[in-house]
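Please look over the sequence and the model, then read the points below.

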Amino acid sequence: MQWFLANLPQVLNLAGYHLIQAIVPLVLGVIIAVPLAQLARVNKVASGIILSVGSLLYTVPSLALFVILPSILGTRILDFTNIIVALTIYAVALLVRSTLDALNSVDDTLRQAATAMGYRPVQRFLSVDLPLSIPVLFAGLRVISVSNISLVSVGSLLGIPSLGFLFTDGLQRNFPTEIVVGIVGTLVLALLMDVVLVLLQKLLTPWLRTNKSASRSAASSHPSGASKLQARRRRCQHEPSRSFLPLTTYTTKDPFSQGWQWLTDPTNWQGPLGVPVRVVEHLGYSGLTLLISIVIAVPIGLYVGHTGRGRGVVVSLAGMLRALPTLGIMTLFALLASSALSPYAGYLVFGAVGGATDFDGHLRRDRRR
């Protein structure tokens with residue numbers, strides 16, 4: 001606490017950089033993803049292409065994307081543009097699918113009624129489709145906002161200022177307090193972003209508050225109406241979702257040519273640091289992460305989805321877990337873990353962190369059922 005108070009100006013400055021790098025890609029992602037999702041909704045061929053490309057882009061490792069973008073964009077390695085563009089790509093990749101789900105949640109009879117009233121396609125989209133899809137759209141935005149805040153910290157490995165600087169600096173100085181401050185600061189930013197999005201959603205959907213007030217009035221004045229409302233809610237809970245190695249010096253500066261030369265170099269495919277060994281390790285981390293996340297998330301999601309108990313608390317907790325910066329957790333474990341631990345402990349650490357950050361996704365999928 002004393003270190004935090006003594007370095008409060010620096011922490012606030014890094015938090016400001018962190019917040020800017022998280023908000024701008026989110027806004028750009030919405031601007032790009034909404035028209036793409038509408039195109040995917042009206043064109044089945046485009047839908048398959050857009051969703052496939054989005055899923056493929058999201059699998060690109062963030063650190064690799066941060067490193068390669070300066071060569072593609074012609075920017076400096078420490079330019080904020082690299083982080084903005086990379087996180088915008090990830091935001092669009094996730095938002096396209098969630099925005100498509102949001103647009104598909106709009107009742108077709110409302111679209112037909114708007115068309116019968118003389119609404120043109122663009123006017124109908126802006127006046128009917130987009131406003132009615134806001135609740136589902138903002139559910140996706142809340143997930144992506146915390147993911148962005150978590151990913152921003154990775155840029156600190158390249159020297160870009162953010163709260164991630166506290167992770168790398170704390171690791172170099174063997175000072176866990178600094179890392180903990182960075183983790184807590186990241187969680188606070190994620191919580192603030194989530195609160196802002198919730199308030200913005202309520203501001204943009206005043207009819208939902210009116211409908212809830214009317215439902216409560218009807219339920220309180222008519223006991224039979226209350227029982228019908230509860231039965232309807234129970235049915236809705238069970239309804240299916242509507243949405244369905246060693247460094248080598250190369251002569252060329254072209255990153256793609258360097259990549260090809262590196263892949264065709266036999267020395268990179270041999271020994272304990274070779275590509276095959278690294279691929280097996282990567283698959284081991286990913287597989288154990290997936291297993292732990294399923295064991296943690298699915299039972300809780302099933303319980304909350306079927307009983308409706310503790311939904312608000314669990315969803316808020318899941319959102320905070322998704323906001324946990326992986327880089328911060330890893331650096332903290334690197335300092336606290338004993339060197340005598342078995343190498344397999346690394347798998348458990350990666351799996352536990354992955355299970356925590358994937359918990360929200362499993363829970364939200366189950367809540368749709």
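Helix 5 (residues 80-104) has 25 residues and should span 36 Å at 1.5 Å a residue; its end C-alpha atoms are 35 Å apart, which agrees. The expected span of a helix is 1.5 Å times one less than its number of residues. Helices (H or I, at least four residues) and strands (E, at least two) are DSSP runs, numbered from the N terminus.

This is a predicted model, in which local features need pLDDT of at least 70, side-chain atom pairs count only at pLDDT 80 or more, and totals for chains, interfaces and linings use all residues. Residues are numbered from 1 along each chain as its sequence is written, and side-chain values use heavy atoms, with hydrogens and water left out.

**The chain as a whole**
- The secondary structure comes to 17 helices and zero strands.
- Of the 369 residues, 38% count as buried (buried is under 20% relative accessible area, exposed over 50%, partly exposed in between, with a 1.4 Å probe and protein chains only).
- The chain exposes about 20900 Å², and carbon and sulfur atoms supply 68% of that area (Shrake-Rupley method, 1.4 Å probe; for residues, only the protein chains shown count as cover).

- Helix 5 is largely enclosed by the rest of the structure, because 18 of its 25 residues are buried.
- A kink of about 30° is centred on Leu 95 in helix 5 (the bend at a residue is the angle between axes fitted to the seven residues ending there and the seven starting there).
- Helix 8 is mostly covered, with 14 of its 19 residues buried.
- From first C-alpha to last, helix 8 reaches 26 Å, close to the 27 Å expected at 1.5 Å a residue.

**Helix 2**
- The 35 residues of helix 2 should span 51 Å at 1.5 Å a residue, and its end C-alpha atoms are 51 Å apart, which agrees.
- Helix 2 has a kink of about 25° at Ala 33, shortly before the proline Pro 35.
- Val 24 is placed in helix 2 and is partly exposed, with a relative accessible area of 34%.
- The C-alpha atoms of Val 24 and Thr 88 are separated by 8.1 Å, although the two are 64 residues apart along the chain.

**The second largest pocket**
- This pocket has a volume of about 280 Å³.
- Of its 15 lining residues, the closest to the centre are Val 30, Phe 138, Leu 141, Leu 197 and Leu 200.
- A pocket is an open set of points on a 1 Å grid over the protein atoms alone, where a 1.4 Å probe fits, with protein on both sides within 12 Å along at least five of seven lines; lining residues have an atom within 4 Å of a point.
- Grid points are joined across faces, edges and corners, and a volume is the space filled by probe spheres set on the points.
- Helix 2 (8-42), helix 8 (134-152) and helix 10 (176-204) each supply at least two residues of the lining.
- The lining has 15 nonpolar residues, no polar and no charged (Ala, Val, Leu, Ile, Met, Phe, Trp, Tyr, Cys and Pro count as nonpolar, Asp, Glu, Lys and Arg as charged, and the others, Gly among them, as polar).

**Two further residues**
- Asn 174 lies in the loop between helix 9 (164-172) and helix 10, and its phi is near 55°, a positive value in a residue other than glycine.
- Trp 207 lies in helix 11 (residues 206-221) and counts as partly exposed at 31% relative accessibility.
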